[in-house]
Amino acid sequence: MKLGKKIYNDEGIILLADGAELTNPIISRLAKMDIGYVYIEDALTDDVIIPGMLQDETRNQALKVIRSQFQDMTGASTITKGFYHLDKKFSKIMDFILDDMSSQADPMIMLLDMHTTDNYLYVHSLNVCLYTLVLGIAHGYSKNDLKVIGLGSLLHDIGKTQIPVKIVQKPGMLSEDEFRHMQAHTEIGYRILKEEPNIPLLAAHCALQHHERIDGSGYPRGLTGPQIHEYAKWLGVADSYDAMTSNRVYKKAMLPHQAVEALYVGSGTLYEQKQLELFRDRVAIYPLGLTVTLSTGESGVVVKIDPGTPHRPVVRVLTGPEGETVTPFERDLSTALSVVISGVADQDEPAARPN
């Protein structure tokens, strides 16, 4: 097998280029780096192009800014010292991100590029920003509103730069004392951002409230539905989804459909039902390139997603009910209503096959 899409580390540096042969030593190395899935080249699906939510240049520049700023702040006396250059750099990159996303006719939440779990904070910050903006665009926010919620989501975890690294990156369960330290990142982030003269105050409130839940079970203040700003509610959904679908040092990533199901468990208690419904309609729960099994017993690869019915993709069938190879054909689940996706490839096996 050959790699179908690049693998990056969490600083945006390419670890393995597309086209690289997946030898046993390389596969072992990827497993040790907790790479949860890879795309592979396949002649039967070489016409399937996996789109990015951002242009490569924008994505790399955003990660560079996040990494540079967060590293400068880690362990520093940020709250008293002040970092009044945050707005200039982050505001500029937010303009680039919004330009990229506004050029897409109907942006969706897609499974993003593969990364190692090192410095998860950088990639998580960018992913959550992109997911929140997709929701904000679908909700109909103005460009000014999108910039505020975009900055708030990009910087929502900035308070973690002041939490001991051994706690942030601990591979096991946090103790009660460690968890209290971790929870403090919301209030620390708020204090950092509200001191930035050109960062909107609502962006600071995103950092403060993104772990609040509508039933009052969240933190730091145990706010309930009406008390939580709408931006923070959107951000809370995006933040939870990315945490579930990302490989971490202490857990494997869920696939998108599994994460959406997990979010829906909290519908009406942790998250607003209407927000979850819009999220469900904007996320590609069966991403392009994913190997799936149909209720007919056939197996194939997701090759097309209609934004109007993302949960009913087009599947290119490659094997029949008995596992026999068949002449590839496409089954459009948006019209074949009696057929459903009954399973996906094992996460321990190569599960996605693009370009």
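**Exercise 1. Determine whether Cys206 and Cys129 are buried or exposed.**

Cys206 has a relative accessibility of 1% and so counts as buried, where buried means under 20% relative accessible area, exposed over 50% and partly exposed in between (1.4 Å probe, protein chains only). Cys129, at 0%, counts as buried. The model is predicted, so local features need pLDDT of at least 70 and side-chain atom pairs pLDDT 80 or more, while totals for chains, interfaces and linings use all residues. Residues are numbered from 1 along each chain as its sequence is written, and side-chain values use heavy atoms, without hydrogens and water.

**Exercise 2. Find how many disulfides there are.**

The rule asks for a pair of cysteine sulfur atoms within 2.5 Å. By this rule the count is zero.

**Exercise 3. Compare the span of helix α6 with the expected one.**

Helices are DSSP runs of H or I with at least four residues, numbered from the N terminus. α6 covers residues 143-154, twelve residues. The expected span is 1.5 Å times one less than the number of residues, here 16 Å. From first to last C-alpha, α6 reaches 16 Å, close to that value. Its buried residues include Leu146, Val148, Ile149 and Leu154.

**Exercise 4. Describe the lining of the second largest cavity.**

A cavity is a set of points on a 1 Å grid over the protein atoms alone where a 1.4 Å probe fits but cannot get out; lining residues have an atom within 4 Å of a point. Among the lining residues are Glu212, Arg213, Tyr271 and Gln275. Helix α11 (residues 230-245) gives the largest share, three residues.

Notes:
Helices (H or I, at least four residues) and strands (E, at least two) are DSSP runs, numbered from the N terminus. On a 1 Å grid over the protein atoms alone, a cavity is a set of points where a 1.4 Å probe fits but cannot get out, and a pocket is an open set with protein on both sides within 12 Å along at least five of seven lines; lining residues have an atom within 4 Å of a point.
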